[in-house]
Amino acid sequence: MDKDFLKKFVNIKRETKAMINIDPLQAGGKLTDEARQALVEWGDGFSVCDFCPGRLEGIKKPPIYDFVHQALPDFIGADVVHLTHGAREGKFLIMHALAQPNDFIIIDKSAHYTTYVAAERAGLKIKVVENSGYPEFKINVDDYEKAINEIQNEGKGKIALLVLTYPDGNYGNLPDAKKLATISQKYKIPFLLNTAYAVGRMPINMNETGADFIVASGHKSMASSGPIGFVGMKKEWDEVLFKKSQYFAKKEVGILGCVSRGTAIMTLMASFPSVVERIKEWPKQVEKAQWFSRQLEKQGLKQLGEKPHNHDLMFFEAEKLYEISKTHKGGAFFLYKELKKNNIWGIKPGLTKNFKLSTFAANKEELQKVVDVFASLLD
Ligand SMILES: *Cc1c(COP(=O)(O)O)cnc(C)c1O
């Protein structure tokens with residue numbers, strides 16, 4: 001192969017690395033210093049497997065066993081935790097184990113696309129519970145009961161699972177998960193809480209909520225390089241989800257034997273002490289988000305979703321910026337370009353009228369700078 005062509009794959013610089021980051025996808029996944037060290041130390045392929053007893057989660061050196069069996073269950077209030085490659089793989093694992101093809105799952109209108117594709121891969125039918133629409137887009141969990149009755153009364157099929165996105169990835173709304181747990185118990189339908197944007201940012205306790213399952217994302221919200229996530233569950237589900245191979249007694253079929261074996265688990269562990277600390281600061285994070293929302297609203301932007309807001313992920317509507325983009329020489333890309341010029345990263349190129357952002361990673365001083373840039377553009 002041509003040597004000059006091959007050069008393009010090497011020594012690639014990341015231009016956005018040192019910028020103020022308000023990208024919702026990235027804000028909770030920034031590595032801690034400890035994780036950055038672990039990344040280099042454990043970068044060699046399969047190096048975590050030096051002392052593997054046959055299962056990744058059984059490795060005692062490095063202490064993956066203690067992390068998975070003790071630290072994580074304690075952290076999220078679940079009986080049992082197992083590692084996955086991410087939240088989506090957790091959802092698929094649960095759906096595939098619990099449901100037969102053509103069974104129903106009931107999900108919220110604000111569900112992430114990965115909930116859909118996981119269900120499609122498992123061959124399931126999807127019933128969607130609507131939200132309240134503009135401007136708050138709230139999910140009323142009582143509507144799950146209506147959806148259950150509709151499917152059951154019309155004899156349409158078995159309902160294998162209720163799924164709630166907590167919070168959703170568009171508006172950052174936090175629906176009433178505890179109430180949905182009581183509905184799931186009343187109808188004896190298992191309940192999965194998708195906390196890709198919650199575990200690692202804010203306090204969550206699965207057993208207190210009353211869910212059967214929870215899925216989390218390491219690269220989204222736990223300062224891990226990923227790809228990694230985990231499922232938490234009530235004890236009785238462990239055997240259902242984690243059946244052992246009939247050919248290899250130690251290997252679980254549902255996860256093809258092992259999941260993220262490498263820097264993903266090592267960075268997740270190395271960041272964990274900091275993550276335990278940072279969730280104690282959650283009220284301050286909420287305060288910061290609400291302050292930021294007020295500052296942008298003062299300039300004529302409108303925050304959609306729940307108000308006052310209870311999460312760092314927020315969605316804004318900005319008619320004025322859209323109007324400016326019509327005549328600006330940068331066109332639809334002007335907002336992205338102006339922010340970038342000011343060392344701010346995270347609003348998708350080409351968006352002006354509607355966009356989401358996160359205040360999780362940036363401190364108040366940095367957010368003030370973001371506010372000031374918006375002010376100068378709207379002046
Ligand atoms: C980001 C996100 C996911 C996907 O997480 P992965 O760990 O990458 O699979 C799933 N659900 C929601 C709500 C998300 O925001």
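## Strand 10 and its partners

Strand 10 and strand 12 (residues 354-358) pair in the antiparallel sense over five bridges, where pairing requires at least two bridges found by DSSP. Strands (E, at least two residues) and helices (H or I, at least four) are DSSP runs numbered from the N terminus. Strand 10 also pairs with strand 9 (residues 302-304), again in the antiparallel sense, over three bridges; here Leu304 stands opposite Phe315.

Five of the five residues of strand 10 (residues 313-317) are buried, so the strand is largely enclosed by the rest of the structure. Buried denotes under 20% relative accessible area, with exposed over 50% and partly exposed in between (1.4 Å probe, protein chains only). Both faces are covered: Leu313, Phe315 and Glu317 are buried on one side, and Met314 and Phe316 on the other.

## Basis of the model

The model is predicted: local features need pLDDT of at least 70 and side-chain atom pairs count only at pLDDT 80 or more, whereas totals for chains, interfaces and linings use all residues. Residues are numbered from 1 along each chain as its sequence is written, and side-chain values use heavy atoms, leaving out hydrogens and water.

Seven strands form an open sheet with mixed pairing, in the order 2-8-7-6-5-3-4. Its edges are strand 2 (80-84) and strand 4 (125-129), each of which pairs on one side only. Neighbouring strands are turned by 20° against each other on average, direction ignored. Within this order, strand 5 (residues 159-165) and strand 6 (residues 191-194) run parallel and are joined by four bridges. Val163 stands opposite Leu192 in strand 6.

Helix 4 (residues 64-76) packs on the sheet, touching strand 2, strand 7 (213-217) and strand 8 (229-233), and its direction makes about 115° with that of strand 2. Contact means heavy atoms within 4.5 Å. Axes are lines fitted to C-alpha atoms, for helices over the stretch in contact, and angles run from 0 to 180 degrees between N-to-C directions.

## Helix 4 against helix 12

The axes of helix 4 and helix 12 (residues 263-278) come within 12 Å and cross at roughly 40°. That angle makes helix 4 oblique to helix 12 (under 35 degrees counts as roughly parallel, over 145 as roughly antiparallel, 65 to 115 as roughly perpendicular, and the rest as oblique).

Helix 4 contributes Ile64, Phe67, Ala71, Leu72 and Phe75 to the contact, and helix 12 contributes Ile265, Leu268, Met269, Phe272, Val275 and Val276.
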